[in-house]
Amino acid sequence: MSTILDSLAISSIFSSNLRPSLRPSPPPSAAWVRRSPLKFTGFSISYTIFNNQVSLAYSSRIYRRTNSVSGEASDVAFDVPSVTEETWDSLVLNATEPVVVEFWAPWCGPCRMFHPVISDLAKQYTRRVKCFKLNTDDSPSVASRYGIRSIPTIMIFVNGEKKEAIIGAVPKTSLTASIDKFL
């Protein structure tokens, strides 16, 4: 009789009509760990004494677990200079050599993956082609002037005139073929 009551008690614990906070947590298996979306990496408190005043600061970091590079890798600075609305005319339209501009945004994953390709192109075509990147969030008027509807978009300008637009993260070989047409 006690085994029947015990099994009823256990089945009532696992029933789906309980509130989420009262449901038991699943067993710590490898499948559950893979589906766990967040990882708490720590909590730190620092204080500073300045002019006999104490200021407190705290920071906590929560990272989403993925099979890719962590969020800190997006802060890597590449050697491709940025262009803005204010510098657009002087750097792109008035340039004497061909100009390659990557239209991108910080929230765009393919754009961030494409930055090393643009960086390699800037090194490969040093003194023959100028390479820039334009953040479409910071300079929306330039992006709308050239009809940018999806990013990353790479445009090639010669003597201030748009010659070609490549939409999407394409292989480096197709970009070099497009650039070589205008050299």
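A salt bridge here is a side-chain nitrogen of Lys or Arg within 4 Å of a carboxyl oxygen of Asp or Glu. By that rule, the side chains of Lys163 and Glu161 form one, at 3.7 Å from N to O. The model is predicted, so local features need pLDDT of at least 70 and side-chain atom pairs count only at pLDDT 80 or more, while totals for chains, interfaces and linings use all residues. Residues are numbered from 1 along each chain as its sequence is written, and side-chain values use heavy atoms, with hydrogens and water left out.

Let us stay with the charged pairs for a moment. The count of salt bridges comes to three. For accessibility, buried means under 20% relative accessible area, exposed over 50%, and partly exposed in between, using a 1.4 Å probe and protein chains only. Lys163 is partly exposed at 38%, and Glu161 is partly exposed at 47%. A salt bridge of 3.0 Å (N to O) links Lys181 and Glu164. Because Lys181 lies in the segment after H6 and Glu164 in strand E6, this pair ties together parts that are 17 residues apart in sequence. Lys181 is exposed at 56%, whereas Glu164 is buried at 18%. Lys130 and Glu97 also meet in a salt bridge, at 3.4 Å from N to O. Lys130 sits in strand E4 (residues 130-135) and Glu97 in the loop between helix H3 (88-93) and E3, so the two tie together parts that are 33 residues apart in sequence. Helices (H or I, at least four residues) and strands (E, at least two) are DSSP runs, numbered from the N terminus.

Now to strand E5, where six of the six residues are buried. In a regular strand the side chains alternate between the two faces of the sheet. In E5 both faces are covered: Thr153, Met155 and Phe157 are buried on one side, and Ile154, Ile156 and Val158 on the other. Strands count as paired if DSSP finds at least two bridges between them. E5 runs antiparallel to E3, joined by five bridges, and Val101 has Met155 as its bridge partner in E5. E5 also pairs with E6 in the antiparallel sense, over six bridges, with Val158 opposite Glu161. The hairpin of E5 and E6 has two residues between the strands, and Asn159 takes a positive phi near 55° there.

Thr153 is buried, at 4%, and its side chain reaches the backbone oxygen of Ser150 at 2.5 Å. Contact means heavy atoms within 4.5 Å. Leaving aside residues up to four places away in sequence, Thr153 touches Val101, Glu102, Phe103, Ile148, Ile166 and Ile167.

Finally, turn to helix H6 (residues 172-180), where Leu175, Thr176, Ser178 and Ile179 are buried. Seen down the axis of H6, these buried residues fall within an arc of 160°, so they line one face of the helix; the arc is that of the directions from the helix axis to the C-beta atoms. An α-helix has 3.6 residues a turn, so residues three or four places apart point the same way. What covers the buried residues of H6 includes strands E3 (99-104), E5 (153-158) and E6 (161-167), along with helix H4 (109-124).

Notes: A polar contact is a pair of N or O atoms within 3.5 Å; within protein, one must be able to donate a hydrogen and the other to accept it, and residues adjacent in sequence count only if both atoms are side-chain atoms.
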